[in-house]
Amino acid sequence: MKKEKRMSETRTIQTSNVLPPDTNHYGTLFGGKLMAYIDNVASISATKHARMPVVTASTDSVDFLQPIRVGDAVTLESFVTYTGRSSMEVFVRVTTEKLLTGEQSVAAISFLTFVALGPDGKPAEIPQIIAETEEEKWLNETAVNRSSHRKARKMHSMELAAFFSKNQQ
């Protein structure tokens with residue numbers, strides 16, 4: 001296994017037409033559909049990095065910044081931005097394009113965390129990530145802060161789960 005990989009080696013791009021069955025009664029893409037696209041493209045980037053099975057450990061908030069309308073193209077671009085021993089952060093940028101005019105805008109952004117699994121189904125060591133461009137370096141340098149927020153959020157979720165488990169008995 002390589003000890004290091006460049007972020008560019010994990011880059012994944014997916015473009016789809018937004019069709020009427022993909023939208024709500026406002027003619028905009030279902031949020032859940034976009035979230036499934038995000039998880040899918042991010043898992044491909046994570047697998048390219050680890051070259052072993054991966055599972056989604058967390059999804060940070062998905063901020064819907066612009067509506068994605070029927071007839072638009074939606075493009076998702078993802079790549080690994082930070083690595084731990086067995087976990088990796090994946091950034092996903094979602095853009096929408098009005099195909100008839102060419103007008104593009106960032107419609108959503110998200111960060112997800114994946115864990116690589118070895119043949120025994122336990123977390124497995126992965127290569128470290130190398131940032132090269134200014135965007136990649138910035139995302140890599142700011143990942144530690146996002147990671148600490150994730151850990152605090154997970155602790156809070158565990159406290160909530162314990163509280164609700166105790167109160168259901």
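## Contacts around A57

Contact here means heavy atoms within 4.5 Å. In this predicted model, A57 is in contact with T113, F114 and V115, leaving aside its neighbours within four places in sequence. A57 itself belongs to strand β3. A separation of 7.6 Å lies between the C-alpha atoms of A57 and L112, and these two residues are 55 positions apart along the chain.

## Overall layout

The chain has 3 helices and 8 strands. Their order along the sequence is β-β-α-β-β-β-β-β-β-α-α. Taken along the principal axes, the C-alpha atoms fill a box of roughly 50 × 50 × 30 Å.

There are 169 residues in the chain, and 39% of them count as buried. Among contacts with a separation of 6 or more, 74% are between residues 24 or more positions apart.

## The nonpolar core

The largest nonpolar core holds 33 residues, and within this core L34, L76, M88, V92 and V94 touch the most other members. Two or more residues each come from α1 (31–50), β5 (73–83), β6 (87–97) and β7 (104–116). Helix α1 makes the largest contribution to this core, with 7 residues.

What does V94 touch, not counting residues up to four places away in sequence? The list consists of L34, I38, I68, V74, T75, L76, S105, V106, A107 and A108.

## Helix α1

From its first C-alpha to its last, α1 reaches 28 Å; the helix has 20 residues, and the span expected at 1.5 Å a residue is 28 Å. Just after the helix, R51 takes a positive phi of about 55°.

## Helix α3

Helix α3 covers residues 143–167. Its 25 residues should span 36 Å at 1.5 Å a residue, and the end C-alpha atoms are 36 Å apart, so the two values agree.

Which residues of α3 are buried? They are A143, R146, S147 and R150. The buried residues of this helix pack against β3 (54–59), β5, β6, β7 and α2 (134–141).

## The largest pocket

The largest pocket has a volume of about 410 Å³. Its lining is made of 16 residues, and S58, T113, S147, R150 and K151 lie nearest the centre. By class, the lining residues comprise 4 nonpolar, 7 polar and 5 charged.

At least two lining residues are supplied by each of β3, β5, β6, β7 and α3. Helix α3 gives the most, with 6 residues.

A volume of about 180 Å³ is found for the second largest pocket. The residues lining this pocket are D60, S61, D63, I109, S110, F111, R146, H149, R150 and R153. Two or more of them come from each of β7 and α3.

Which element gives the largest share of this lining? Helix α3 does, with 4 residues. The lining divides into 2 nonpolar, 3 polar and 5 charged residues. R150 lines this second pocket and is also among the residues nearest the centre of the largest pocket.

A124 is located in the loop between β7 and β8 (128–130). Is A124 buried or exposed? The relative accessible area of A124 is 14%. Buried means under 20%, so A124, at 14%, counts as buried.

Not counting residues up to four places away in sequence, A124 touches M52, R85, S86, A116, L117 and G118. A124 and L100 are 24 residues apart in sequence, with their C-alpha atoms 46 Å apart in space.

Methods. Residues are numbered from 1 along each chain as its sequence is written. This is a predicted model: local features need pLDDT of at least 70, side-chain atom pairs count only at pLDDT 80 or more; totals for chains, interfaces and linings use all residues. Side-chain values use heavy atoms; hydrogens and water are left out. A nonpolar core is a set of buried Ala, Val, Leu, Ile, Met, Phe, Trp, Tyr and Cys residues joined through side-chain atoms within 4.5 Å. Buried means under 20% relative accessible area, exposed over 50%, partly exposed in between (1.4 Å probe, protein chains only). The expected span of a helix is 1.5 Å times one less than its number of residues. On a 1 Å grid over the protein atoms alone, a cavity is a set of points where a 1.4 Å probe fits but cannot get out, and a pocket is an open set with protein on both sides within 12 Å along at least five of seven lines; lining residues have an atom within 4 Å of a point. Grid points are joined across faces, edges and corners, and a volume is the space filled by probe spheres set on the points. Ala, Val, Leu, Ile, Met, Phe, Trp, Tyr, Cys and Pro count as nonpolar, Asp, Glu, Lys and Arg as charged, and the others, Gly among them, as polar.
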